[in-house]
Amino acid sequence: MSMKKLFLILYALFLLRGVYQLFEGQSWTLSFFTIVFSVLGIVALLNNLKEKYLSGILIILLFAFMISH
């Protein structure tokens, strides 16, 4: 599995998680934050940015995940 596919799967999972949080009525701030950065990560992935930017966005998403739990 290539790194591009792995990043795409992770960003898509975070996007689904953000949408799920939004409909469940949990923290709106974290939901929008997760959705925005997931979309930003997917756009960065499709524009073939360097992996250091992709992993930086992923670290931010993982930090938001830790805050929500």
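F7 is buried, and Y11 is buried too. Buried means under 20% relative accessible area, exposed over 50%, and partly exposed in between (1.4 Å probe, protein chains only). F33 is partly exposed, at a relative accessible area of 30%.

This is a predicted model, where local features need pLDDT of at least 70, side-chain atom pairs count only at pLDDT 80 or more, and totals for chains, interfaces and linings use all residues. Residues are numbered from 1 along each chain as its sequence is written, and side-chain values use heavy atoms, with hydrogens and water left out.

**Aromatic pairs**

The structure holds 3 aromatic pairs. Rings of Phe, Tyr and Trp (its six-membered ring) pair if their centres lie within 6.5 Å; planes under 30 degrees apart count as stacked, over 60 as edge-to-face and the rest as tilted. Among the pairs are these:

| Pair | Centre to centre | Angle of planes | Type |
|---|---|---|---|
| F7 and Y11 | 6.1 Å | 20 degrees | stacked |
| F33 and F37 | 4.7 Å | 50 degrees | tilted |

F7 and Y11 lie 4 residues apart in helix α1 (residues 3-24), about one turn of the helix. F33 and F37 are 4 residues apart in helix α2 (residues 28-46), so about one helical turn separates them. Helices (H or I, at least four residues) are DSSP runs, numbered from the N terminus.

**α2 against α3**

Residues of α2, including F33 and F37, meet residues of α3, including L54 and I57. Contact means heavy atoms within 4.5 Å. By class, this contact has 12 nonpolar, 4 polar and no charged residues. Ala, Val, Leu, Ile, Met, Phe, Trp, Tyr, Cys and Pro count as nonpolar, Asp, Glu, Lys and Arg as charged, and the others, Gly among them, as polar.

Notes
Helix = DSSP H or I, 4+ residues; strand = E, 2+ residues; numbered from the N terminus.
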